[in-house]
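Trainee: I'd like a close look at a single part of this one. Pick it apart slowly, and tell me what surrounds it.

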Amino acid sequence: MLIHHPLTPVKKISACLKAVIFSLIAMAFSLPQYSAGSEQYPSKPIVIKVAFPAGGGIDGVVRQILAALQSSLGQPVVVENLPGVGGAIGAMNVARASSDGYTLLAHANDLILAPLVLSSAQYKASDFRLITPLARSDFILVARPGLAGKKLKDLVEMSKTAQGGLSIAHQGLGSLSHLASEDFASFAGMRITGVPYKGGAPIIQDLLGNHVDLAFLPIAANSVSMIKEGRIVPVGLAASQRNAEIPDVVTLAEGRDRTFEYASWSVIMVKRDVPENVAERLNIAIRKAIETPEFQRFAKDSAAKPFGMSLKEADVFYASAIKQYADMAVKFKLQPQ
């Protein structure tokens, strides 16, 4: 018996150590798992690539959230404009970027439309995930200053006598402004010649210079300001009701037996495979920026409607929009060219 006494405590201690080790292993496997370094997101500057020119509607909305976004995320947030091909150039650039959440895409409805009509748009709408919309803007049909005093019926008559009809600017083949233009020509019985541009800013420049007759633009701070100053001429809203910021502007459907509605929404996207916790972090930060009094005031002044969404709501909204525009492509018989 005396020989075995010294060994008994050692066996007990060994058994206890094994139990502790197994317990620690079990606890380790039960802890939440994170991708390497993602729990510290963001740890470096973030770039938002705007798929349209500086000075346009989407660019203006994005720049309004920068200060609040930087404060919330604790990192610099910079804007890089990559316009062209209906926003496809910016989209393809982000599609080739890393999926770490440091490269965001600012876009509009055209993100979904471009691959349906442009063979050069080498991406699918499903390659991206919607973090949240920022704001919604009804489209407004505007005319160059040289057409001041002309009502819609006057413009329709002019289009029938002018060679080639009236020129109407849009943001590229298959863009929402292009579809609105073609649809409106049929709706109003107007003869038009479409003129493609790389974005809203150059369209406005040519309107001001009387180089193009008409354009569908999303209502934004710059367009509302120019309408109030008399620099461009409002023809009508592509909406179901008038806008409180420009109450004298009629809707294009007033006096008609059918509606005519087109609206642009500005959005922040990421690549589809960005980690969930990174997407959630961005969603919360951007929604906080949308809710600031500064952004709300900006939206009101520009006659836009802010509408942030949770990540789950954004997923549902984006899936529905993809289906809606696929149906629209069939309606307008759009094919990639």
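Trainee: Let's take helix H4: which residues of H4 are buried?

Mentor: First, some ground rules. This is a predicted model, so local features need pLDDT of at least 70 and side-chain atom pairs count only at pLDDT 80 or more, while totals for chains, interfaces and linings use all residues. Numbering starts from 1 along each chain as its sequence is written, and side-chain values use heavy atoms, with hydrogens and water left out.

Now to your helix. The buried residues of H4 are Asp110, Leu111, Ile112, Leu113, Ala114, Pro115 and Val117. That is seven of the eight residues in 110-117, so the helix is mostly covered. "Buried" here means under 20% relative accessible area, with exposed over 50% and partly exposed in between (1.4 Å probe, protein chains only). The element names come from DSSP runs, numbered from the N terminus: helices are H or I with at least four residues, strands are E with at least two.

So who does the covering? Helix H3 (88-95), strand E3 (103-107), E4, H6, E9 and H11 are among the elements over those buried residues, with contact meaning heavy atoms within 4.5 Å.

On a 1 Å grid over the protein atoms alone, a pocket is an open set of points with protein on both sides within 12 Å along at least five of seven lines, a cavity is a set where a 1.4 Å probe fits but cannot get out, and lining residues have an atom within 4 Å of a point. Points are joined across faces, edges and corners, and a volume is the space filled by probe spheres set on them.

Take the second largest pocket, at about 190 Å³. E9 and helix H11 (311-331) each give at least two residues to its lining, and H11 has the largest share, with four. The residues lining this pocket include Asn109, Arg136, Leu176, Trp265 and Phe317. By class, the lining splits into seven nonpolar, two polar and two charged.

Arg136 is partly exposed, at 27% relative accessible area, whereas Asp138 is buried, at 8%. This pair belongs to a count of 15 salt bridges. Elsewhere, Arg129, Glu276 and Asp315 are linked in a salt-bridge network.

Among the elements giving two or more residues to its lining are strand E4 (128-143), helix H6 (176-188) and strand E9 (263-271). Those three elements are also part of the cover over H4's buried residues. In total 31 residues line the cavity, with Gly57, Ile58, Gln171, Pro218 and Ser264 nearest its centre. The lining has 18 nonpolar, 12 polar and one charged residues.

Technical notes
Ala, Val, Leu, Ile, Met, Phe, Trp, Tyr, Cys and Pro count as nonpolar, Asp, Glu, Lys and Arg as charged, and the others, Gly among them, as polar. A salt bridge is a side-chain nitrogen of Lys or Arg within 4 Å of a carboxyl oxygen of Asp or Glu.
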